[in-house]
There are 2 protein chains.
Amino acid sequence: MRARVFVTLKPSVFDPQGTTVAEALHTLGFDAVKDVRQGKYFELDIDATTVEAARRLAAEAADKLLANPVIESYRIEVGTDVKETVR
Amino acid sequence: MRARVFVTLKPSVFDPQGTTVAEALHTLGFDAVKDVRQGKYFELDIDATTVEAARRLAAEAADKLLANPVIESYRIEVGTDVKETVR
């Protein structure tokens, strides 16, 4: 089963990487892009029988390794399921 | 309007970062995680009136700056729209 994990800095944390990308886009003429936040994206191929089991495993992996819970939050999407886990 | 851009290495391109994450997860006991691909994730806040305009602008930004089309592919999601642009 395929789980997608999106890790982003919490809204209160300054994102210099995103700011740099936004400035580069403005230099290229993309003035309509008002703000950019950059994050990490993981596609996990999980050996699980149910969507819930895959989601639980992905959340545990995100808590332990993929995200730094002090400054980052993450979102998980599993399979074609549109329900999301936000933390 | 909010556009989300996911940039990943093309399937044919070796992903050492993803492999390292997968090995770290195995060390932590996550044996059910068979494979990991890592990518970049951008949230663009775009000043556009229609979903199509926002999608077009995000695709142009991805082509010009966010992704390296030689080795990377990207996917775009705009707003609550589930239609996706894959390239």
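Trainee: How many residues does the contact take from chain A and from chain B?
Mentor: In this predicted model, the contact takes 33 residues from chain A and 33 residues from chain B.

Trainee: And what area is buried between the two chains?
Mentor: The buried area between chain A and chain B is about 2900 Å². Carbon and sulfur atoms give 67% of that area.

Trainee: Which residues of chain A lose the most area to chain B?
Mentor: They are Phe30(A), Tyr41(A) and Leu65(A), which together account for 19% of what the chain A side buries.

Trainee: Turning to charges, how many salt bridges are found across the interface?
Mentor: The rule finds two salt bridges between chain A and chain B. One of them joins Arg4(A) to Glu77(B), with the closest N and O atoms 3.3 Å apart.

Trainee: What is the count of residue pairs in polar contact?
Mentor: Twelve residue pairs are in polar contact between chain A and chain B, with both residues at pLDDT 80 or more.

Trainee: Which element of chain A gives the most to the side that touches chain B?
Mentor: Strand 2 of chain A does, with 14 residues. Other elements giving two or more residues include helix 1 (16-27) and helix 2 (51-66) of chain A.

Trainee: How do the residues on that side of chain A divide?
Mentor: They divide into 17 nonpolar, three polar and 13 charged residues.

Trainee: Back to strand 2 of chain A: in which sense does it pair with strand 2 of chain B?
Mentor: The two strands pair in the antiparallel sense, over 13 bridges.

Trainee: Which residue in strand 2 of chain B is the bridge partner of Gly39(A)?
Mentor: The bridge partner of Gly39(A) is Tyr41(B).

Note on methods:
Residues numbered from 1 in each chain as written. Chains lettered and ligands numbered in written order. Predicted model: local features only at pLDDT ≥ 70, side-chain atom pairs only at ≥ 80, totals over all residues. Heavy atoms only, no water. Contact = heavy atoms within 4.5 Å. Buried area = accessible area lost by both parts, 1.4 Å probe. Salt bridge = Lys/Arg side-chain N within 4 Å of Asp/Glu carboxyl O. Polar contact = N/O pair within 3.5 Å; in protein donor to acceptor, adjacent residues only side chain to side chain. Helix = DSSP H or I, 4+ residues; strand = E, 2+ residues; numbered from the N terminus. Nonpolar A, V, L, I, M, F, W, Y, C, P; charged D, E, K, R; others polar. Pairing = 2+ DSSP bridges.
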